[in-house]
Amino acid sequence: MDSSWALTLRKRQVLILFVLLGLSKAGSESVRYSVAEETEIGSFVANLARDLGLGVEELSSREARIISDDNEKHLKLDLQTGDLLLNERLDREELCGSMEPCVLHFQVLLQNPLNFFLVELHIKDINDHSPTFLDKEILLKISENTALGTTFLMESAQDLDIGSNSLQNYTISPNSHFYIKIQDSGDGKIYPELVLDRMLDHEKEPELRLTLVALDGGSPPRSGTTLVLIEVLDINDNAPEFPQGLYEVQVLEDTAIGSWIITISAKDLDAGNYGKISYIFFHASEDIRKTFEINPASGEVRLRSSLDFEVIQSYTINIQATDGGGLSEKCTLLIKVMDVNDNAPEVTMPSITNKVPENSPQTLVAVFSIRDQDSGDNGKMVCSIQDDLPFILKPTLKNFFTLVTEKGLDREMRDEYSITLTVTDLGTPRLKTEHNITVLVSDVNDNAPAFTQTAYTLFVRENNSPALHIGSVSASDRDAGANAQVAYSLLPPRDPSLPLASLVSINADNGQLFALRALDYEALQAFEFGVGATDRGSPALSSQALVRVQVLDANDNAPFVLYPLQNGSAPCTELVPRAAEPGYVVSKVVAVDGDSGQNAWLSYQLLKATEPGLFGVWAHNGEVRTARPLGERDAARHRLLVLVKDNGEPPLSASVTLHVLLVDGFSQPFLPLPEAAADAARADPLTVYLVVALASVSSLFLFSVLAFVAVRLCRRRRAGLAGGCSVPEARFPGHLVDVSGTGTLSQSYQYEVCLMGGTGTDEFKFLKPIIPNLPAPDIGRNVEENENFRNSFGFNIQ
């Protein structure tokens with residue numbers, strides 16, 4: 001246990017030495033404090049904030065921390081008060097050994113901005129260790145003829161305390177032969193020497209037992225004792241002699257255990273037992289005895305345990321040669337430990353930032369320090385990172401480095417970096433240490449949402465149900481988190497008259513578009529509006545897209561008949577001469593449909609007729625034509641029901657009623673139907689009066705004509721002529737039937753009514769043509785075309 005403590009003490013001494021050397025290079029200005037060893041944990045050392053001229057708030061905001069070279073947390077900093085407190089009991093002997101003064105070096109690291117302060121803590125010694133002899137018994141062999149005043153070297157005690165608390169004096173138990181003489185070695189240590197004050201007599205006292213006491217200078221003083229056993233020998237007049245007083249040897253620190261180091265040899269001129277020499281380590285510390293061993297008979301020195309240059313660089317060993325007569329001589333062996341590159345560099349990372357915002361150059365990522373316990377080129381180091389990374393290393397104070405971003409990072413291109421810190425020494429072979437740092441790039445709102453299309457075309461059929469989903473727009477944002485969350489909105493339309501707010505709405509979360517009300521194709525075929533996509537970053541970024549809604553037609557409008565009018569007034573009567581040929585155009589049903597496309601394609605069909613098969617309807621243009629020649633037996637009045645149907649799905653239809661009057665001559669068109677006259681008389685008294693007057697005049701005229709005819713007939717009878725009035729059997733000339741050639745009754749027409757005798761000569765003509773005759777059309781050609789029309793195009797005949 002004592003040897004382990006001594007080795008730890010030696011390591012601490014070397015470590016403190018290197019720390020002091022490093023701080024002396026970093027700068028001479030530092031803050032100094034002192035504290036007694038073994039002080040209680042949590043004891044106040046100093047107010048660091050006041051001594052550094054900083055406010056307590058500044059210590060907290062700048063993330064102040066204490067960093068020690070040996071990575072031990074001896075002190076702690078209270079960021080609330082700025083007080084520097086002890087974090088553990090400090091043992092000066094463990095930390096510094098015999099080194100004086102005992103100083104621990106610390107750095108105060110401030111971030112944002114980065115700054116360093118050096119702190120020195122002086123540890124004061126207290127008398128907490130007693131002097132200790134490594135050997136519990138010291139054996140001296142002294143010849144009886146030894147001269148008075150002869151001195152004998154004694155094993156010295158060890159005291160871990162320093163200064164006045166260290167070893168100060170030696171005493172020996174009362175006796176009549178010896179007294180103690182204190183010898184100063186010149187390095188601050190004292191050694192006891194036993195001085196012969198009275199001659200020994202082997203025959204009277206062959207052996208003496210004395211107690212050697214070591215005292216320190218503490219208050220109260222502490223002491224340690226060892227037993228001195230003295231054997232009185234016969235006369236031996238030659239002491240051993242070494243060829244040289246100092247031996248020096250160099251040993252590599254990686255030398256294998258058990259290896260031979262050196263052989264120390266002395267000569268004694270005496271013979272027999274007095275000439276036999278034995279070798280021992282003299283005044284050797286526990287470290288020396290644990291590390292080396294000497295063969296008592298041959299003087300060979302061998303390695304007993306591993307060497308460590310970083311702990312102890314050299315050993316000074318006193319070797320004593322004693323002959324069989326008790327005479328002795330000593331020499332010094334200096335063993336220098338040679339360094340080998342057996343320590344890889346070390347990396348200490350007191351501060352690291354795992355997340356770095358993008359677009360922020362010169363951002364601090366990490367603060368770290370490096371060290372190598374080797375010396376010379378073995379302790380020189382080179383620090384580097386990968387070449388293809390946007391980071392740079394900046395050296396600061398005493399092997400401290402900062403890792404910062406070289407330029408602004410782009411999270412959308414790369415959101416994570418794995419940085420390998422490589423620290424390589426310059427020894428042979430070179431040793432290196434790698435430390436990995438993972439840096440995440442945090443997002444900044446630097447990308448606006450992008451629509452998948454610059455323009456969207458949506459189709460919706462009219463008469464849709466309200467809140468119908470008609471389509472979606474989609475935008476994506478390359479950012480992350482809230483910066484990538486997109487909200488959709490409708491933009492004001494370019495046409496201020498467009499009631500966009502009542503037409504469509506958009507789901508702000510997913511971009512789904514809904515029709516708020518039923519759309520009417522006949523009122524609005526298409527409309528356009530803008531859609532915006534805005535992220536939730538700060539500041540928010542947005543983009544736009546154009547949406548065109550195309551309303552598709554549905555068959556929601558039935559055909560509307562323009563002619564003949566169906567408004568409840570007196571029906572329009574179509575006049576058809578009985579001499580009309582097949583294919584004669586009676587009338588034309590004109591209808592429209594408010595829909596478009598095939599929903600507006602109209603077809604016509606004759607549903608019902610007074611006399612089926614007499615009339616037909618052209619299915620595509622609504623023309624009503626005669627399907628066969630008209631006969632005398634055909635009724636004069638006809639009622640036709642025509643169906644107008646569109647081509648939608650399902651089809652919609654409308655019906656119209658046509659009234660057709662067959663006339664024998666063209667005077668009849670001026671005679672209203674009895675039903676119509678009656679309706680007109682009931683509808684308007686003035687009309688009734690006019691009708692009555694016209695009827696009276698007509699009756700008078702007819703009566704006059706009849707009377708005139710009767711007179712003529714009577715005259716013929718008297719003349720003995722047989723015969724009477726008759727109507728010629730031949731047809732009216734063709735040009736009296738159809739003037740225009742299209743079958744419709746033209747405004748330019750003429751007619752002739754004849755009363756003629758059997759001779760065929762005209763005896764009475766009336767109502768001569770009002771308008772001059774037009775050239776007669778080719779009657780044969782009209783008849784042929786009408787026949788072809790009826791047979792080829794297929795009238796819809798009922």
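Before I show you a sheet, let me say that two strands count as paired if DSSP finds at least two bridges between them. With that in mind, and remembering that this is a predicted model, please look at the open sheet of 3 strands, whose order is β9-β12-β11 and whose pairing is antiparallel. The edge strands are β9, residues 151-153, and β11, residues 178-184, and each of these pairs on one side only. On average, neighbouring strands of this sheet are turned by 35° against each other, if direction is ignored. Between β9 and β12, which covers residues 190-196, there are 3 bridges, and here Phe152 stands opposite Leu194 in β12.

Let me now turn to charged side chains. Side chains of opposite charge can pair when their charged atoms come close, and how many salt bridges does this structure hold? There are 19 salt bridges, one of which joins the side chains of Arg411 and Asp443 at 2.9 Å, N to O. Because Arg411 sits in the loop between β27 and β28, while Asp443 sits in the loop between β29 and β30, this pair ties together parts that are 32 residues apart in sequence. Are these two residues, Arg411 and Asp443, buried or exposed? Both Arg411 and Asp443 are buried.

Another salt bridge joins Lys432 to Glu434, with the closest N and O atoms 3.6 Å apart, and here Lys432 is exposed, its relative accessible area being 52%. A further one brings together the side chains of Arg628 and Glu611, at 2.5 Å from N to O, and Arg628 is partly exposed, with a relative accessible area of 25%. Finally, Glu38, Glu40 and Arg89 are linked in a network of salt bridges.

Note on methods: Residues are numbered from 1 along each chain as its sequence is written. This is a predicted model: local features need pLDDT of at least 70, side-chain atom pairs count only at pLDDT 80 or more; totals for chains, interfaces and linings use all residues. Side-chain values use heavy atoms; hydrogens and water are left out. Helices (H or I, at least four residues) and strands (E, at least two) are DSSP runs, numbered from the N terminus. Axes are lines fitted to C-alpha atoms, for helices over the stretch in contact, and angles run from 0 to 180 degrees between N-to-C directions. A salt bridge is a side-chain nitrogen of Lys or Arg within 4 Å of a carboxyl oxygen of Asp or Glu. Buried means under 20% relative accessible area, exposed over 50%, partly exposed in between (1.4 Å probe, protein chains only).
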